[in-house]
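Below is a short report on a single protein chain. It goes from the overall make-up to a few local features.

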Amino acid sequence: KLKVAEDFIVLIDANLNHKEDVAARGKVDEKSLNHHYERLNNLLKKLQNFYQKKVIICIHPQYDLNETKKKFPNFETIKFKTKESIYNAFLVLFFDSTAIMDAFLLKKNIISLKSKIDWLGRPASYYTQYGTTLIDIDSDLNFSKKELDEKFRISKQYYNNFLYDYIITDGDKIGVDKVINYCKAVCSQLNE
């Protein structure tokens with residue numbers, strides 16, 4: 001049982017040069033990488049100033065913690081605590097990650113991030129299909145706290161679309177009951 005709070009701003013970071021991605025599309029050059037993280041840090045500072053909440057960077061267990069810490073010198077970077085961090089988040093930012101499911105389930109404020117580096121998943125689809133607020137980190141970031149709060153308020157109306165597509169796929173049936181019922185059906189067929 002995890003505590004639910006609104007203490008942090010949480011970024012689920014995407015490792016731009018993770019080995020699988022490099023194998024698929026090549027390495028992101030150093031200049032683009034530096035620009036990306038400079039813009040991302042600027043956005044996080046702006047959000048921290050708006051909401052007066054600590055920023056936590058969460059990374060996948062396969063990512064290098066020390067390397068990521070260098071990219072976010074002013075923020076705490078952790079791994080193995082993404083779920084707990086989301087439960088304690090006021091706001092969750094991400095590019096594309098299955099870890100975002102908890103943020104939808106808990107109806108957290110969610111920002112899908114877009115970047116010039118277009119291989120970073122499908123942030124626009126989270127915006128169009130599931131109502132998340134979309135921010136292009138390469139834009140001028142010229143928005144107010146009031147505008148952002150209004151986008152959060154509106155976006156939560158669409159979160160159920162995500163829940164029905166990915167979490168509650170069989171209405172009120174929970175996964176455990178579905179597995180048990182399936183096993184019973186298979187066993188009953190075998191006994192016939």
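The model is predicted, so local features need pLDDT of at least 70 and side-chain atom pairs count only at pLDDT 80 or more, while totals for chains, interfaces and linings use all residues. Residues are numbered from 1 along each chain as its sequence is written, and side-chain values use heavy atoms, with hydrogens and water left out.

**Overall make-up**

The chain has 9 helices and 6 strands; these are DSSP runs numbered from the N terminus, helices being H or I with at least four residues and strands E with at least two. Along the principal axes, the C-alpha atoms fill a box of roughly 65 × 40 × 30 Å. Further values for the chain are tabulated here.

| Property | Value |
|---|---|
| Buried share of the 192 residues | 40% |
| Share of contacts with a separation of 6 or more that join residues 24 or more positions apart | 62% |
| Share of the accessible surface (about 11,200 Å²) belonging to carbon and sulfur atoms | 51% |

Buried means under 20% relative accessible area, exposed over 50%, and partly exposed in between, with a 1.4 Å probe and protein chains only. Contact means heavy atoms within 4.5 Å. Accessible areas come from the Shrake-Rupley method with a 1.4 Å probe, and for residues only the protein chains shown count as cover.

**Helices H2 and H7**

Helix H2 (residues 30–51) packs against helix H7 (residues 145–155) at an angle of about 90 degrees, and their axes are 11 Å apart. Axes are lines fitted to C-alpha atoms, for helices over the stretch in contact, and angles run from 0 to 180 degrees between N-to-C directions. The pair is therefore roughly perpendicular, a term for angles of 65 to 115 degrees. On the H2 side, Leu47, Phe50 and Tyr51 meet Lys145, Leu148, Asp149 and Phe152 of H7.

**His18**

His18 lies in the loop between strand E1 (8–12) and helix H1 (19–25). Its relative accessible area is 9%, so His18 is buried. Beyond its neighbours within four places in sequence, His18 is in contact with Gln62 and Tyr63. His18 and Lys45 are 27 residues apart in sequence and, C-alpha to C-alpha, 25 Å apart in space.

**Nonpolar patch**

Met101, Leu105, Tyr166 and Ile167 make a nonpolar surface patch of about 310 Å². Helix H5 (101–105) and helix H8 (159–167) are the elements that give two or more residues to the patch. Patches are made of residues with over 30% relative accessible area and no salt bridge, with nonpolar side chains (Val, Leu, Ile, Met, Phe, Trp, Tyr) joined within 5 Å and like charges within 9 Å. A salt bridge is a side-chain nitrogen of Lys or Arg within 4 Å of a carboxyl oxygen of Asp or Glu. Ile167, in helix H8, counts as partly exposed because its relative accessibility is 33%.

Terms used: Angles under 35 degrees count as roughly parallel, over 145 as roughly antiparallel, 65 to 115 as roughly perpendicular and the rest as oblique.
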